[in-house]
Amino acid sequence: MVDLMSVKHFCMVMRINIDCNGCYRKVKRALLDMPDLEIHLLEKNQTRVIVCGRFIPQDVAINIRKKTNRRVEILNIQDLSESDDEIEDQKTVTNNWTLLSNQKCLA
């Protein structure tokens, strides 16, 4: 099992050939069975699938390929971990400022 803390936060765009409603349901079911995915979006007309969460991109593509028996093409992978770190840093600064302002009010 992979440690989730070491896995980065990604947003990935894939092209999967979704011809009919049966293919759509098959892909959707495969995505819902993956607990690592936080958000998924299926664009049936453009045959694109967008997924976001803490996962290894190649593993997600391989799992979808195995479960759906459809060709999966990764179009774009965006690493969102860096922005998460910046957000955490901003929260820390805000929390420190809040603590300092509360201490001044109590004094």
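This is a predicted model: local features need pLDDT of at least 70, side-chain atom pairs count only at pLDDT 80 or more; totals for chains, interfaces and linings use all residues.
## Charged pairs and fold

D79 is partly exposed, with a relative accessible area of 28%.

**The partner of D79**

Which residue forms a salt bridge with D79? The partner is K8, and the closest N and O atoms of the two are 3.7 Å apart. Because D79 belongs to strand β4 (residues 72-79) while K8 sits in the segment before β1 (9-16), this pair ties together parts of the chain that are 71 residues apart in sequence. K8 is also partly exposed, at 44% relative accessibility.

**The fold around it**

The protein chain holds three helices and four strands, and their order along the sequence is β-α-β-β-α-β-α. Of its 107 residues, 29% count as buried. The accessible surface comes to about 7,700 Å², and carbon and sulfur atoms account for 52% of that area. How much of the contact set joins residues at least 24 apart? Among contacts between residues at least 6 apart in sequence, the share is 70%.

Side chains of opposite charge can pair when their charged atoms come close. The count in this model comes to five salt bridges.

| Pair | Distance, N to O |
|---|---|
| D79 and K8 | 3.7 Å |
| R70 and D19 | 3.1 Å |
| E43 and R48 | 2.8 Å |

The side chains of R70 and D19 meet in a salt bridge. This pair links distant parts of the chain, since R70 is in the loop between α2 (57-68) and β4, D19 is in the loop between β1 and α1 (21-32), and the two are 51 residues apart. D19 counts as exposed, with 54% relative accessibility.

E43 pairs with R48, and R48 is partly exposed at 30% relative accessibility. Elsewhere, R15, R71 and E73 are linked in a network of salt bridges.

**The loop between β2 and β3**

Now for the loop that runs between β2 (37-43) and β3 (48-54), where K44 is found. K44 is partly exposed, at 31% relative accessibility. Patch members need over 30% relative accessible area and no salt bridge, so a residue has to pass both tests to be included. K44 is part of a positive surface patch together with R25, K26 and R29.

T47 lies in the loop between β2 and β3 as well. Is T47 buried or exposed? Its relative accessibility is 19%, so T47 counts as buried, the limit being under 20%.

Most residues other than glycine have a negative phi. N69 is another residue other than glycine with a positive value, its phi being near 60°. Where does N69 lie? N69 is in the loop between α2 and β4, the loop that also holds R70 of the pair with D19. N69 counts as exposed, at 58% relative accessibility, whereas T47 counts as buried.

Technical notes: Residues are numbered from 1 along each chain as its sequence is written. Side-chain values use heavy atoms; hydrogens and water are left out. Buried means under 20% relative accessible area, exposed over 50%, partly exposed in between (1.4 Å probe, protein chains only). Contact means heavy atoms within 4.5 Å. Accessible areas come from the Shrake-Rupley method with a 1.4 Å probe; for residues, only the protein chains shown count as cover. Patches are made of residues with over 30% relative accessible area and no salt bridge: like charges are joined within 9 Å, nonpolar side chains (Val, Leu, Ile, Met, Phe, Trp, Tyr) within 5 Å. A salt bridge is a side-chain nitrogen of Lys or Arg within 4 Å of a carboxyl oxygen of Asp or Glu. Lys and Arg count as positive and Asp and Glu as negative; His and the chain ends are not counted. The place of a charge is taken as NZ of Lys, CZ of Arg, CG of Asp or CD of Glu.
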